[in-house]
Each structure stands twice: as structure tokens, then as C-alpha cells.
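I opened the notebook today to record what I looked up in this structure, item by item.

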Amino acid sequence: MTAETLAQWMRQSHSTVVLTGAGMSTESGIPDFRSQSGWWQNIDPRAVASTESLQNNYELFREFYQMRMQALEHCVPHTGHHILADFEKRGLVSLIATQNVDQFHQQAGSKAVAELHGNIVTMRCQKCSKPHSKQQFQKNAVCTYCSGKLRPNVVLFGETLPSDAWNLALNEIQHANIVIVIGTSLEVYPVNQLPLIAKGRLVSINLESSNDNGQFDLVIEGAAGGVLAELDQALEGYKKK
Ligand code: BV8
């Protein structure tokens, strides 16, 4: 059971949704969170990525996100992102619901992307929500309208997910023939509930086999970029639109 099996299923599928996590961007040079080399190995997420840290530890919060933004400036989407964008153009993928905050799916050309955890590319004022530039945040400026604190449009621990993105992902996943889960430990609520509401076939593409593989109809162990390249080869020349 490999990429060829998934390719067969995708040829018969009317709607295939992809759910991605940080493992989708590690081959672009962005660390994930919970692997050996992940961000949370030596940083407590509650200290830097929570509403509490934004309110009571703003300098540490700002340094953490400043570092993440700088890391992003030197990285680009990899082949896997481009393959998923091409699958969308060929009618093979209808939506990418992502936990990633790097906007690499959009940069690679994907149009239908639900940003479940927002992004660290755009900023706003925490108090009045007015948009601000990345430069203003990096310069430690305050809001030009109300002098409030600036923050990236990322969903912090303790914040609710953007309702449009959440409802779109919920609806598409409930009606999908296939949900392909790529590069996520499914540790974070409520995104980790999405695979449970899938009614179609559930597929995992992940570097490590996780203990709750039982929920998947197909588990493909491997790096996202490599597996997607195999899948692309198996689907060569095939398109639905
Ligand atoms: C909410 C923003 C409600 C920061 C993120 C106790 C128990 C259960 C739940 C909770 C609890 N206490 C609190 C909660 C809720 C909390 C939560 O789930 N906490 C967990 C951690 C215990 N959730 C929330 O707070 C959410 N909000 O619940 O709101 C609410 C209701 C009313 C009013 C107010 C609130 C908000 C969650 C969003 C948090 N924000 N990010 C930032 O990114 O800077 S979460 C963070 O984790 C990232 O967004 C990341 O994407 C996400 C999930 O991680 P993964 O993507 O899965 O990454 P991870 O490293 O874990 O896994 C990567 C996988 O890929 C690994 O398996 C690895 O092997 C694999 N891999 C690596 N490389 C590759 C690969 N696979 C293939 N190829 C490769 N090359």
C-alpha cells in the first residue's frame, strides 16, 4: 500500500482535502514543534505563543516571533508545496487546511487554503485590530492609531480559531472522499478533531509512525516532499479539469 494506492483512490475521488502541519515545511528549512529538532524542545510554548505571554511577557513574545519571521525570510516552499498547488489546478485537491503559519502553500500557488492557525506574515494591533506592517512589529513600534501592542495574525494558545477557516475546513472534510493528513502530530486541539469527522478515506503521510495510526485507512511513512513526488509520478498526466 503506497503512493500508487493513494493515486488510485484520488482518481476516483470527487473531493480530496489535505490537512497539513509543520512537517510540511521542515524540508523548506523551517523547524517543526515536537520533533527532536522542533521549537518546543527547549521553549515552553505557553511562555512565548499564548495569550498569557502576549499580555504579560511581551518582550519574550516579540523576540520569539521576530526570530520565526526572520527564519521565514530565508526559506521558500519546496517541491511538495508546488505539487499540491498543481494538484489543485488539475482538480485533484479541493482544499488545503493548514496549521502552518508560513503561507508557503499560497506562495507555491495554492488558492484554496484555510489558515486554521493564522499566519506570522501579517500583523495587527492587539487592542484595535488595525493592520500594521511586519517592519513596525520588528521595530517594536506601538499601534499608530491607539498605541496598543502589535502582534502577528497567528492563533495563539488560548485563542479561538478563525471561524471562516474553521467552518470551511469542517464542511469540506465532512464531505470529502479522501482526507490526506501530512506532517502533523495531531497534538493540538481543535484541529486534531478534524480527522475524526472525516467520512471518507483517511490517509497519513508522516515521517514518524504515530501511536494512533489506527484511525487511518492508509499510512505512508516518509518525508512529505518525497512522498508527494512519488504521488505526482503515479498521477502523471491525469487531471479532472
Ligand atoms: C483553543 C501558533 C479554545 C503558534 C499554534 C489540555 C488538553 C487539550 C487541549 C488543551 C489543553 N490545554 C489547552 C488546550 C487547548 C490548546 C491545545 O490544544 N493545547 C495542546 C498543545 C495541549 N489549543 C488552543 O489553545 C487552541 N485554541 O482551543 O481555543 C477557546 C475557546 C474559547 C475561548 C478561547 C479559546 C489554539 C491552538 C492554536 C495554537 N497555535 N501555533 C505558532 O505557530 O507560532 S499551535 C502549533 O502547533 C502550530 O500552529 C503547529 O502547526 C501546531 C500543530 O503542530 P504540528 O503542525 O502538528 O507540528 P508538530 O511538530 O507537532 O508535528 C510535526 C509532525 O510532522 C511530526 O509528527 C513529525 O514527525 C512530522 N514531520 C516532520 N518533518 C516531516 C514530517 N512529516 C513528513 N515529512 C517531513 N519532512
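**Entry 1, the model and its division.** I noted at the outset that this is a predicted model, and I read what follows with that in mind. I looked up how the protein chain is divided, and found domain 1 given as 1-30 + 77-117 + 160-241 and domain 2 as 31-74 + 125-154. I then took the distance between the C-alpha centres of domain 1 and domain 2, which is 27 Å.

**Entry 2, the contact between the domains.** I listed who takes part in the contact, and it draws 13 residues from domain 1 and ten residues from domain 2. For the area I found that domain 1 and domain 2 bury about 810 Å² between them, with 67% of it on carbon and sulfur atoms. I asked which three residues supply more of the area that domain 1 buries than any other three; they are Ala-22, Ile-30 and Val-101, which supply 47% of what domain 1 buries against domain 2.

**Entry 3, polar links across the contact.** I searched for salt bridges between domain 1 and domain 2, and the count is zero. On the side of domain 1 that touches domain 2, I sorted the residues into five nonpolar, five polar and three charged.

I counted 35 residues around the ligand, of which Phe-33, Arg-34, Arg-68, Thr-184 and Ser-185 come nearest. By class, the shell divides into 15 nonpolar, 13 polar and seven charged residues, and at least three residues come from each of domain 1 and domain 2.

I found a polar side-chain atom of Thr-26 at 2.9 Å from a nitrogen atom of the ligand, and a polar side-chain atom of Glu-27 lies 2.9 Å from a nitrogen atom of the ligand. For Val-155 I noted a backbone N or O atom 2.8 Å from a nitrogen atom of the ligand.

How values were computed
Residues are numbered from 1 along each chain as its sequence is written. This is a predicted model: local features need pLDDT of at least 70, side-chain atom pairs count only at pLDDT 80 or more; totals for chains, interfaces and linings use all residues. Side-chain values use heavy atoms; hydrogens and water are left out. Domain bounds come from an automatic or database domain assignment. Contact means heavy atoms within 4.5 Å. Buried area is the accessible area (1.4 Å probe) that two parts lose on being put together, summed over both. A salt bridge is a side-chain nitrogen of Lys or Arg within 4 Å of a carboxyl oxygen of Asp or Glu. Ala, Val, Leu, Ile, Met, Phe, Trp, Tyr, Cys and Pro count as nonpolar, Asp, Glu, Lys and Arg as charged, and the others, Gly among them, as polar. A residue is near a molecule or strand if one of its heavy atoms lies within 4 Å of it. A polar contact is a pair of N or O atoms within 3.5 Å; within protein, one must be able to donate a hydrogen and the other to accept it, and residues adjacent in sequence count only if both atoms are side-chain atoms.
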